[in-house]
Amino acid sequence: VGLVLDQNTRPHTGGTFVTLFGLPALMSPGPAALALRTGAPLALTVCRPCGHGRYEMPPSVAIASADLDPRAAGSELELTRRIAAALEDLLRSAPDHWLWMYKRWKYVPPGHDGAGLPYYAKKLNQKDRVALD
């Protein structure tokens with residue numbers, strides 16, 4: 001199963017804040033929840049252009065989860081953080097192959113002053129703040 005991990009998922013639809021490039025970013029915990037509930041391994045991969053209209057898929061990056069107790073509080077968030085860190089590493093390895101076409105850091109998490117976030121970042125509305133509690 002392939003899941004798109006780089007999407008900005010709002011809290012009222014399940015998103016949680018994790019660190020991405022040193023800034024808080026919303027990310028879906030769905031892949032982590034699925035892996036923890038099923039025991040399925042997680043791997044992150046990308047397709048990269050290699051010239052003449054062709055693409056290559058380098059070996060996948062395994063994301064460790066065997067050390068996490070699926071029933072323990074915080075395991076889903078920890079695995080989501082690991083996924084974000086692996087995604088960041090992949091993006092850093094070839095930043096010229098990546099382009100976000102939307103506002104990735106769209107929301108300021110509760111308790112954050114917004115420092116370092118892009119000009120377009122806004123505070124969460126009441127519905128989203130309640131979802132984080």
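This is a predicted model: local features need pLDDT of at least 70, side-chain atom pairs count only at pLDDT 80 or more; totals for chains, interfaces and linings use all residues.

Visitor: Why is T9 called buried?

Guide: Buried means under 20% relative accessible area. T9 has 16%, so T9 counts as buried. Leaving aside neighbours within four places in sequence, T9 is in contact with G14, G15, L26, M27 and S28.

Visitor: What makes S75 buried?

Guide: S75, found in helix α2, has a relative accessibility of 5%. That value is under 20%, and S75 is therefore buried. Not counting residues up to four places away in sequence, S75 touches L36, L68 and D69.

Visitor: How do you know that L44 is buried?

Guide: The relative accessibility of L44 is 7%, which is under 20%, so L44 belongs with the buried residues. L44 lies in strand β3. Its C-alpha is 7.3 Å from that of A86, although L44 and A86 are 42 residues apart in sequence.

Visitor: Which residues of α1 are buried, and what covers them?

Guide: The buried residues of α1 are P31, A32, A33, A35 and L36. Their cover includes β3 and α2. After α1 comes G39, with a positive phi near 80°.

Visitor: Which residues meet where α1 and α2 pack?

Guide: From α1, the residues are P31, A32, A33, A35, L36 and R37. From α2, they meet S75, E76, L79, T80 and I83.

Visitor: Which residues touch the most other members of the largest nonpolar core?

Guide: They are I63, L79, I83 and W105, in a core of 25 residues. At least two residues of this core come from each of β1 (16-20), β2 (23-27), α1 (30-38), β3 (42-44) and α2 (75-93). The largest share, seven residues, is supplied by α2.

Visitor: What makes F21 partly exposed?

Guide: F21 has a relative accessibility of 29%. Buried requires under 20% and exposed over 50%. The value for F21 lies in between, so F21 counts as partly exposed. F21 is placed in the loop between β1 and β2, and its phi is positive, about 55°, although F21 is not a glycine.

Visitor: Why is H52 called exposed?

Guide: H52 has a relative accessible area of 84%, which is over 50%, and H52 is therefore exposed. H52 is found in the loop between β4 (48-51) and β5 (54-56). The phi of H52 is near 55°, a positive value in a residue other than glycine.

Visitor: What makes Y119 and Y120 an aromatic pair, and why is the pair called edge-to-face?

Guide: Ring centres must lie within 6.5 Å, and those of Y119 and Y120 are 5.5 Å apart, so the two rings pair. Planes over 60 degrees apart count as edge-to-face; here the angle is 80°, and the pair is therefore edge-to-face. A search of the whole structure finds one aromatic pair.

Visitor: How do you know that Y119 is exposed?

Guide: The relative accessible area of Y119 is 79%, which is over 50%, so Y119 counts as exposed.

Visitor: How many helices and strands does the protein have, and which pattern does it follow?

Guide: The protein has three helices and eight strands. Along the sequence, the pattern reads β-β-α-β-β-β-β-α-β-β-α.

Visitor: What can be said of the protein as a whole?

Guide: The C-alpha atoms fill a box of roughly 50 × 40 × 20 Å along the principal axes. Of the 133 residues, 38% count as buried. Among contacts between residues at least 6 apart in sequence, 54% join residues at least 24 apart.

Notes
Residues are numbered from 1 along each chain as its sequence is written. Side-chain values use heavy atoms; hydrogens and water are left out. A nonpolar core is a set of buried Ala, Val, Leu, Ile, Met, Phe, Trp, Tyr and Cys residues joined through side-chain atoms within 4.5 Å. Buried means under 20% relative accessible area, exposed over 50%, partly exposed in between (1.4 Å probe, protein chains only). Helices (H or I, at least four residues) and strands (E, at least two) are DSSP runs, numbered from the N terminus. Rings of Phe, Tyr and Trp (its six-membered ring) pair if their centres lie within 6.5 Å; planes under 30 degrees apart count as stacked, over 60 as edge-to-face and the rest as tilted. Contact means heavy atoms within 4.5 Å.
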